[in-house]
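Hi,

Here is the structure I promised to pass on.

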Amino acid sequence: MQNAIELQGLKKRLGNFVLGPIDLTVPKGCIVGYIGENGAGKSTTIKLLLNLMLPDQGEIKLLGKDIQEFTPQMKKDIAYVFDDLYLPEDMTLKNVQNFHRKLYGQAWQDKTFSELITRFNLPDNKTIKHFSRGMRMQLGLALALSHGAKLLLLDEATSGLDPVIRDDVLDLLLEYIQNEDHTVLVSSHILSDLEKVADYIAFIHKGQLLFMEAKDELVDQYGITSLSKEQLAEIDDKAIVGKRPHQFGVEVMLKRSLVPDDLELEKVSIEDIMVYMIKGERK
């Protein structure tokens with residue numbers, strides 16, 4: 001089966017920051033949540049995927065093709081939504097539609113765009129300047145989904161949105177992925193959203209990809225509990241992912257496979273995993 005994204009030895013230096021080298025494979029037909037703290041390299045990765053900056057080394061393939069070999073027609077198979085809508089502020093919906101119809105030619109889908117505009121209840125008598133942040137993001141998503149793209153890249157597109165609009169966005173992503181030729185890579189700090197829709201989680205920290213794993217398998221690997229210092233001393237060091245001291249002992253995230261079955265562990269969230277791996281006091 002063809003992969004949607006293949007990164008091999010991808011590396012990029014920006015001042016003192018170094019991304020990679022990263023090896024990452026994203027299969028077609030899934031949603032991947034791309035997580036990490038601010039400055040970890042998420043946006044840099046997406047800019048490299050879109051050929052907005054060139055890597056220092058490594059290879060990038062999208063939909064089975066090296067991005068340096070993409071033709072203008074092939075680029076229409078890639079869609080993206082950033083954290084803002086980068087269009088002239090004096091445009092109306094009609095102006096935006098006409099512009100993208102010319103930009104994408106035969107790939108443009110007027111019917112899909114009109115249906116999404118109606119679904120989001122976006123006003124056709126206002127310029128973009130008067131759109132709220134939520135409306136701007138809804139318009140950006142409508143544009144991304146209206147030219148038959150097979151790969152959708154979102155970079156913090158839901159940050160700052162209210163829960164109702166975020167839920168609308170998640171519903172659209174789930175509908176989009178019903179076509180098994182479609183794939184989504186979404187970078188977000190709102191990890192609860194990714195828990196709802198992601199099939200896989202890819203975690204980047206200080207420019208290094210720590211893992212990409214199936215979400216359900218990932219959360220099943222770990223558990224959290226509070227232990228006294230004496231109890232903690234009896235735990236295999238290899239089982240300890242991270243620990244955070246508190247007034248009555250230590251809260252610790254553990255690998256379930258390396259602790260006794262009778263030790264009661266609470267279920268972890270994606271946020272727990274990220275926080276403990278970044279901030280948890282290391283063993």
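Predicted model: local features only at pLDDT ≥ 70, side-chain atom pairs only at ≥ 80, totals over all residues.

Residues are numbered from 1 along each chain as its sequence is written, and side-chain values use heavy atoms, leaving out hydrogens and water.

Start with helix α4 (residues 110-120) and helix α5 (residues 133-144), whose axes come within 9 Å and cross at roughly 160°. Helices here are DSSP runs of H or I with at least four residues, numbered from the N terminus. Axes are lines fitted to C-alpha atoms over the stretch in contact, and angles run from 0 to 180 degrees between N-to-C directions. So α4 and α5 are roughly antiparallel (over 145 degrees). Phe113, Leu116, Ile117 and Phe120 of α4 meet Gln138, Leu139, Ala142 and Leu143 of α5 (contact means heavy atoms within 4.5 Å).

Next, α5 packs against helix α6 (residues 163-176) at about 10°, their axes 11 Å apart. That angle is why α5 and α6 count as roughly parallel (under 35 degrees). On the α5 side you'll find Gly134, Gln138 and Leu141, facing Ile165, Asp168, Val169 and Leu172 of α6.

Finally, the domain assignment, automatic or from a database, gives domain 1 (3-217) and domain 2 (219-279). Their centres, taken over C-alpha atoms, are 34 Å apart, and 13 residues of domain 1 touch ten of domain 2.

Cheers

How values were computed. Helix = DSSP H or I, 4+ residues; strand = E, 2+ residues; numbered from the N terminus. Parallel < 35°, antiparallel > 145°, perpendicular 65-115°, else oblique.
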